[in-house]
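Have the model open and follow along.

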Amino acid sequence: MQVLRAMTAIVGAAAMLAEWGLVPPATGAIVPTGIRKIQHVVIIMQENRSFDSYFGTYPGADGIPGLAGNPGTVPCVPDPQTDGCDQPFHDTSDVNYGGPHSQLSANADINGGAMDGFVTQVESAPKCRNINRPGCSQGTMDVMGYHDGSDIPNYWAYANDFVLQDHMFESINSWSLPSHLFTVSEWSAACGTTTSSCVNDSALQARTYMSKADHGRLHYRWTDLTYLLHKYGVSWGYYVAPGSAPDCPNGGVTCPPTLQSSTTPGIWNPLPWFSDVKRDHQVHNVQPVSNFYTAAQAGTLPAVSWVVPSDAVSEHPPSPVSAGQAYVTGLINAVMQSPDWDSTAIFLTWDDWGGFYDHVDPPAVDQNGYGLRVPGLVISPYAKPGYVDHQTLSFDAYNKFIEDDFLGGARLDPATDGRPDGRPDVRESAPQLGNLSSDFNFKQAPRPPMILTVRPSTDMRKVR
């Protein structure tokens, strides 16, 4: 009987290990298989670029019609000031200005699926002293401009060697703050003093954003992903580059300069305002980006990392494209040179479209999204080489991957996660959403690092 019980226990343990993608070899050590080979997920989120503005002429991608061998006629977007229309053009300027990128602007750019409001929005928006506010325009007509591999060679090199996603959409049809909230929590809401008081709010304009619960502090009272990570004992870090942030906290056109650091919550650093992060005593996991480099060098990256920039290196207009590419390359080089490289997946994306032209009508999902298409890259020793992923994706796919990898498929679902809130649906379960596992070949030998020059030679002009 004791032998039978022992055998049953062994079989049960083996079944559990197989379910979690872990195989015990003859040595007794546990070797991960499948998605479990990824022990570190790094999400790098830059700012304000559409897919067509960076990869619209990339071979094999769903790029600008009529260009680079893409089928169709080159689009011409109405220009009310000339009573004509403007076509996409190769923009070699390092500094771009983009267009208005509030939720109202997103709806106007999409224009019921015509994707032709971009120029009109630039010409009709107010001109502001602070030119990079979401509702403003500088009147500079570069929203139809696009860059190519001669301008952003490192980004195209990552696409050539790893995975480019050409149907990655913002999770929400809105601007920076809601996008960053969806990235960590799958929801954007306005809250009173209780969790049950949170109501869906995809725009988060001044009326709701400035509703302060007490002592002049904002409170996000719904559940974010760190709640589940903490519950399951999964390490995480949110790394913030110190400096300034461009957008007004309320999405408006004027506000004082906004400084950010790991200790100052803001539109790119929302986690310190989440009540569950405070309750779980996890606020210290929000750290300066210097700690990310230190952890990478030491081989001590947490299981999940989010990395957000400062304005200067964000690529948020008018910050130079070259500065952002250099910063991102430095981050990726640090991971590639880390002892953790062989077990890491880097997901690189941009939080919203920044007013720049894109020709793809976002698919309908629910009342909140998706928003416009943005670039997406997957960089990993297990990423498929030179692969263009045509799946419909959003930032929700990052959380889905993390949950499948580290949490046994648990979801941010108020019906099951033990912390009910009023979110309208479970975004990871949307039938339209693809699976990031398709971007990997976990049977291939880990690919070696590809260390790139931080500031490569480009055709970009530094001054307009």
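## A covered strand

Let's begin with strand 3 (residues 40-46), which is mostly covered, with 7 of its 7 residues buried. Keep in mind that this is a predicted model. In a regular strand, side chains alternate between the two faces of the sheet. Here, His40, Val42, Ile44 and Gln46 point one way, while Val41, Ile43 and Met45 point the other, and all of them are buried.

Which strands pair with strand 3? One is strand 16 (residues 344-350), which runs parallel to strand 3 and is joined to it by 7 bridges. Look for Gln46 sitting opposite Trp350 of strand 16. Another is strand 15 (residues 304-308), also paired in the parallel sense, over 4 bridges. There, Ile44 has Val307 of strand 15 as its bridge partner.

Asn48 has a relative accessible area of 0%, so it counts as buried.

Asp83 also has a positive phi, about 60°, although it is not a glycine. This one lies in the loop between strand 4 (77-79) and strand 5. Is Asp83 buried or exposed? It counts as exposed, because its relative accessibility is 73%.

## Asp86 in strand 5

Asp86 is in strand 5 (residues 84-86). At 18% relative accessibility it falls under the 20% cut-off, so Asp86 counts as buried. Leaving aside residues up to four places away in sequence, Asp86 touches Pro75, Cys76, Val77, Asp79, Val119, Met141 and Met144.

Helix 10 brings Val289, Phe292, Tyr293 and Ala296 to the contact, and helix 11 brings Tyr327, Gly330, Leu331, Ala334 and Val335. By class, that's 8 nonpolar residues, 1 polar and no charged ones.

## Cis peptide bonds

Where does the chain have cis peptide bonds? One joins Pro317 and Pro318, with omega about 5°. Pro318 lies in the loop between strand 15 and helix 11.

Another cis bond runs from Gly369 to Tyr370, with omega near 5°. You'll find Tyr370 in the loop between strand 16 and strand 17 (373-379).

Note on methods:
Residues are numbered from 1 along each chain as its sequence is written. This is a predicted model: local features need pLDDT of at least 70, side-chain atom pairs count only at pLDDT 80 or more; totals for chains, interfaces and linings use all residues. Side-chain values use heavy atoms; hydrogens and water are left out. Contact means heavy atoms within 4.5 Å. Helices (H or I, at least four residues) and strands (E, at least two) are DSSP runs, numbered from the N terminus. Ala, Val, Leu, Ile, Met, Phe, Trp, Tyr, Cys and Pro count as nonpolar, Asp, Glu, Lys and Arg as charged, and the others, Gly among them, as polar. Buried means under 20% relative accessible area, exposed over 50%, partly exposed in between (1.4 Å probe, protein chains only). Two strands pair if DSSP finds at least two bridges between them.
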